[in-house]
Amino acid sequence: MRTTNKLGYLAEHGPNSIMLNDARISKLLDELDLTHRIIAADHSSAKRFIIKNGTPLAMPTSLRKILFNKVLTFPTLLRLAREPFITKSPNLDDQSFADFVRHRLGNTMLNYAAGPFVNGIYAGDPEKLHFRLAFPRMHKVASDKRSLILAAAKKPAPDPNRLRKKEIISFQNGMQELPDAFHKKLTNLGGKILTEISNSQIKPSPNNNWSYHFSHQGTDHQQEFDQIIVTVPAHRLHTIQFPENINLEQTKAIYHPPVASLLLGYKRTDVKHPLDGFGMLASIPEKTDILGALFTSTLFPDHHRAPTDHVAINVMLGGSRNPSIACLPEPEMIATAHREISKNLGITSDPIFHHLTTWKKAIPQVNLGHENALNELTKIEANNPGIKFAGNYRGGISVGDCLINGMNI
Ligand SMILES: Cc1cc2nc3c(=O)[nH]c(=O)nc-3n(C[C@H](O)[C@H](O)[C@H](O)COP(=O)(O)OP(=O)(O)OC[C@H]3O[C@@H](n4cnc5c(N)ncnc54)[C@H](O)[C@@H]3O)c2cc1C
């Protein structure tokens, strides 16, 4: 999480928002003294667009709207009506997300609803994502209930952690306020945070402790701990030297496709589309070079996301299905993103602001086979008490999931 404020625009390098739906996250934000810094997304952000044949079409948000929507055709709605009568897939526990959706909801739902949703969360390939591990809550409903649609229409089972109202939030000065608050809190509690460390090495030491060796600002250090929690991304595990019996081959091999996050700024009058929603996601069959875009100045309209009379659009490019696009040089990337969103949103001038962050290894893909990595970690932790692994490759990639998994650990 990192935020850049420049020329009146606010650019997020990584996540743009957090889904606040769990009381444990509210409590944590309170403990970090962040409650008064929270900003909630504008109500218009409930609307989401799917790009179909070059046009962003609003996804229906209610049953009444579903009958008159332009994204899902009448035959698709008929197919949806059959869902409660479709038998459970025999390999529900081990199928791809695409296979699950095709079986229960049909191919059009995969192309124009569920598939784009996967692009938005994982920048992934629905044909490769492991349904049960990538979407555990949906998998539980699919296992326990006869129908996804009937289950969605019912009141959810009581959960003491679920907040009555869920909100998409950020902070007044952007997402970086969260790691900054952790830094302040941990330092105040007497904790020590060192960055830019190198030569990390973990070794067993007497009394069932662990010895941690590292270099910081040219000096070598060594310290004993009873517990070590390793929270570096899976693709950075190779930078730590573990004892010989800790073999992380499966975890190190998790695929992280590249993703580029490009904020483009325009004058409001140069964009025909009202940008009246959260953003737009490309449908699966769409011939476009972008994954989608967030309408960030709509999301948090009163919080300096763009100068007055300007708009900010955060375009995402790359991901599992189109990784090479995320590696374009900056001028080509800007031209590509601008060309694509100009078609979709009726933009009549060049961008007057840009801020690019390229993540060469962005989001861990919870693909078929991911279970091997999870089993590897469970085994290592059982055989090496005191060593734990946490991060977005284990138990959910959203910021909310990472916070809750962190608290559990
Ligand atoms: C472009 C993008 C947009 C996203 N948007 C959203 C969103 O809007 N909402 C949402 O909920 N989620 C979003 N996500 C996902 C979410 O941000 C991540 O999954 C989550 O932040 C990962 O948290 P983490 O702690 O596992 O890893 P990270 O946040 O990557 O933290 C790992 C830390 O380890 C450090 N590190 C690396 N190597 C070493 C080493 N050798 N020694 C010590 N430290 C090391 C890194 O510097 C880093 O600080 C987005 C992700 C990306 C890439």
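Here is a walk through this predicted model, from the whole chain down to single strand pairs.

Residue numbers start from 1 along each chain, in the order in which its sequence is written. Since the model is predicted, local features need pLDDT of at least 70 and side-chain atom pairs count only at pLDDT 80 or more, while totals for chains, interfaces and linings use all residues.

Along its principal axes, the C-alpha trace spans about 70 × 55 × 40 Å.

Next, see how the chain divides. The domain assignment gives domain 1 (1-60 + 171-409) and domain 2 (61-153); such bounds come from an automatic or database assignment. The centres of domain 1 and domain 2, taken over C-alpha atoms, are 25 Å apart. Where they touch, domain 1 contributes 30 residues and domain 2 contributes 25 residues, with contact meaning that the C-beta atoms of two residues, placed from the backbone, lie within 7 Å. On the domain 1 side, the elements that give two or more residues are β5 (48-52), β13 (279-282), β15 (310-318) and α13 (370-383). By class, this side has 18 nonpolar, 8 polar and 4 charged residues. In that count Ala, Val, Leu, Ile, Met, Phe, Trp, Tyr, Cys and Pro are nonpolar, Asp, Glu, Lys and Arg are charged, and the others, Gly among them, are polar.

β5, β13 and β15 turn up again in an open sheet of 7 strands, ordered β6-β5-β13-β14-β15-β12-β16 with mixed pairing. Two strands pair if DSSP finds at least two bridges between them. At the edges are β6 (55-58) and β16 (353-359), each of which pairs on one side only. Neighbouring strands here are turned by 25° against each other on average, direction ignored. Within the sheet, β13 pairs with β14 (residues 292-294) in the antiparallel sense over 3 bridges, and G279 has L294 in β14 as its bridge partner.

Two helices can be followed over this sheet. Helix α5 (residues 107-122) lies across β5, β13 and β14, at about 105° to β13. Helix α12 (residues 330-345) lies across β5, β6, β12, β13, β14, β15 and β16, at about 60° to β12. For such angles, axes are lines fitted to C-alpha atoms, for helices over the stretch in contact, and values run from 0 to 180 degrees between N-to-C directions.

Another open sheet has 3 strands in the order β3-β7-β4, paired antiparallel. Its edge strands are β3 (18-22) and β4 (38-40), each pairing on one side only, and its neighbouring strands are turned by 50° against each other on average, direction ignored. The antiparallel strands β4 and β7 (residues 162-171) are joined by 3 bridges, and I39 stands opposite S170 in β7. Helix α1 (residues 23-31) packs on this sheet, touching β3, β4 and β7, and its direction makes about 110° with that of β3.

Our last stop is the ligand, surrounded by 25 residues, of which P15, R236, G391, N392 and S398 are the closest. A residue counts as near if its C-beta atom, placed from the backbone, lies within 6 Å. The elements that give two or more residues to this shell are β8 (197-205), β12 (259-267) and α14 (399-408), with α14 providing the largest share, 3 residues. By class, the shell has 13 nonpolar, 11 polar and 1 charged residues.

Notes. Helices (H or I, at least four residues) and strands (E, at least two) are DSSP runs, numbered from the N terminus.
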